[in-house]
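Here is a quick tour of some charge pairs, a helix crossing and a surface patch. Have the model open as you read.

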Amino acid sequence: MKDKLAILCKQTKSSETVAYPLFFRLNNASDNNKLTQLLKETPDINVFDELQGQLEELVKSQNPKIVFTKSALTEAAKKHIGSIPSEEYGVWVYYPWSKKLIHILDEKEFVEVRTNRNHYKITPEEEKILATKKIGVIGLSVGKAIALTIAMERICSELRIADFDVIELSNLNRIQTGVQNFGIKKTIVVAREISEIDPYLKVTWYSDGLTEANADDFFLKDGKLDVCIEVCDGLYTKIFTRQKAKSLRIPVVMNSSDKGTTDIERYDLNPELPILHGLIDHLDLSLVKQAKTNEEKVPYLLPMLGVETSSTRLRASMLEIEQTITTWPQLASGVVLGGGICADVCRRVLLNQLHDSGRYFVDLEEVIKDKNTKEYIEQPLNIKPSLSDKEMLDIIHSAHQETWNLQIDLPENTIKQLAEAASKAPSGANSQTWKWMYHNKNLYFFFDDVFRPDLLDCQRTTMITGLGAAAENLVLKAHELGLEVAAQTVEINDDTKLITTFRFFDTAHAEIKDKLEPHVCDHLSKTINSRVSNRTIVQRKTIEKNRLNKLQEIARTIPGADMIIIDDEDKLIKLSEITAKMDRIRYLSKGGHNDFRGEARWTIEEAERTRNGISFQETMDLTPTEFAGFFVSKDWSVVKHLADWELGSAFGKIQRKWIRGSAAVGLLTVPSFTTNNFYQGGRALERVWLAANHDNISTHPPSLSILIFNTLVYGKKDALPDNMRKEATTLLKELEDLFGINPQKGKVLLMRFIIDNPPKFRSLRYPLDQVLKFTNSII
């Protein structure tokens, strides 16, 4: 049996390139002899003779005013063929791939009957125009539906089709064909099906796809194409098709099968029209041919496809590519709809009824939906007005902060140096929630609570940590300038605005010595200007134990602060899994997603305009695919799908890279979870950061998991959905066990330590005059 099957399989394979039917007119002696021989050599041919029914349809269509009885119609059909024997009337068409011999009307009458139901959506005069047109289709997934629809409407005289691929099982969710066609070229399958609809319609196929070698033939052989439909997957082919069509002044039509997205580019009317409406004008098209990997192709594909206007399900699915699926999803309903749209557009273009270029949408989910469907509206971020000068002055007056004896008045330039150094501190989401006011010798430090994260700032501790880092910079800079500093910090509550009052002295007077900031780590002031977050993905390089121990010692210079450092590779791998899963929770929870929206800056122009937030393009060291993933994730309507489907593991991909490439990761802790402890923790954080950079060790807080853990334990119980809360609780226990810490400790941040050159781009800061005020300038 095995051998017999192998022989039969080889015989079948040999016929897989056949797509033209054979025509036999029995009133022609040669054709008659050939058919006789074929029937003799192929005894298992299936013969179908339904000519009588076709003749009756022809008679009815030619006499629409007459209502025929059955017998009268039969007689009229016989009269129509006259003395010609019925077997000699018309044509016998043989389809070798199916071994079917079918008796049909000859071309003129066949076309007349087949297109009769087009009238008058297509008039007979329009049919004559269309019968002179040639249409090319490149790509035969959506393209198959388009080509077959065009063939059914018969809106051209010739179809040229190009695709290099074969029919596979995974095609059958969207390509209407059968399992018998597995392994057969799509061009052959489509050509066969068109010939089975209309054997007289000319089909020319290019089974290597469109190439530079065959492009002239495809566009010009036996007459120039009147319309080119490009619906292929190949990036270079998409660009090359348009370049070629533009040079020949041939219009191009495309459909993406998502939301009925359809592009029309009328190069015939405007040869200066930019390719794809100018969506890729900013890219170097000469490099497209060299783009082989997804990472190289994505910068071109995303603007071409219009990611922001794609359906939310398609964008959500994009995040699962190479995670749980292999490529973009397509549905048969979208493909069939695209077939209809493209055929309609091409017909109107060919008939000079449609002239505009542009991108159009036929979104059935938007057109046909429940009347009570609620439109999703992205909720505004939790952003409050900035503290005004008057508000700060009123708070100062109500605080009754006295000027101390021996306190000195600083020149405005010195105050600016201090505030500038302080403003270079890190802050959560680079939010810079600080303001200073100099009044009556005192420098007042305010919490400008403009941006309050939903998930990542439990009891304001995240933002307070940034304020502590800024305070540390200010003290270090003051010491560098030869000043002594007294910092009077209040008990910080939820509505506290004035955090610390700084007083300055020219020397450490005995009567105030115990109130002055100690001279610890003063050498670090020289690193303030060069301190930077380094989010670069690197290969792991170890750091000597003594260097890591010094960082731990620096953290402990703040009373009660500590840093537990792990540098064991196995432990780092375990940590990477914890942080990766927590990042997924961060992005898939509504509060965490709001925080993400609040911090993300997508272009350098946006970063420069706001001068806050995190520039994903410049600082995150993302591949083009990763950047695209985060970019499409900015819409909650997209991410909610992943949350509902319990997917989204790709959100942890960056964490795994960061942590696994680290030489070590430190967990900064304070004695307990109080806001004032976290203020001190911010000072410890800045000391460690400066010390690391001073020792040529790069660092940044790689994971926001600690902030979510704080909300989990000390924040609102509904901050996370139940399933995420349960998962996060388990991960918190794993992290505490990994670092071997007391659960009662206040966890400030994780810090990642790597060996790498400093990045070129640094997060931007507000102008100094925006955050520093002098009361003598307030009217």
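## Salt bridges

A network of salt bridges links Glu153, Asp344, Arg347 and Arg348. Keep in mind that this is a predicted model. The count comes to 45 salt bridges.

Take Asp216 and Lys244, whose side chains meet in a salt bridge at 2.5 Å, N to O. Asp216 sits in helix α9 (residues 215-220) and Lys244 in helix α10 (residues 235-248), so the pair ties together parts 28 residues apart in sequence. Asp216 is partly exposed, at 43% relative accessible area, while Lys244 is buried at 19%.

## Around α18 and β16

Asp567 and Lys545 form another salt bridge, 3.1 Å from N to O. Asp567 is in the loop between β16 (562-566) and α19, and Lys545 is in helix α18 (residues 545-555), so this pair ties together parts that are 22 residues apart in sequence. Lys545 is exposed, with a relative accessible area of 52%; Asp567 is partly exposed, at 21%.

Then there's Asp562, whose side chain meets that of Arg556 in a salt bridge (2.7 Å, N to O). Asp562 counts as buried at 18% relative accessibility, and Arg556 as partly exposed at 45%.

## A helix crossing

Helix α19 (residues 569-588) and helix α27 (residues 705-714) have axes that come within 9 Å and cross at roughly 65°. That makes α19 roughly perpendicular to α27. The crossing is left-handed.

Val367 belongs to helix α14 (residues 364-367) and counts as exposed, at 61% relative accessibility.

How values were computed. Residues numbered from 1 in each chain as written. Predicted model: local features only at pLDDT ≥ 70, side-chain atom pairs only at ≥ 80, totals over all residues. Heavy atoms only, no water. Helix = DSSP H or I, 4+ residues; strand = E, 2+ residues; numbered from the N terminus. Buried < 20%, exposed > 50% of the residue type's maximum accessible area, 1.4 Å probe, protein only. Axes fitted to C-alpha atoms, helices over the stretch in contact; angles between N-to-C directions. Parallel < 35°, antiparallel > 145°, perpendicular 65-115°, else oblique. Left-handed = near helix turned anticlockwise from the far one by under 90°. Salt bridge = Lys/Arg side-chain N within 4 Å of Asp/Glu carboxyl O.
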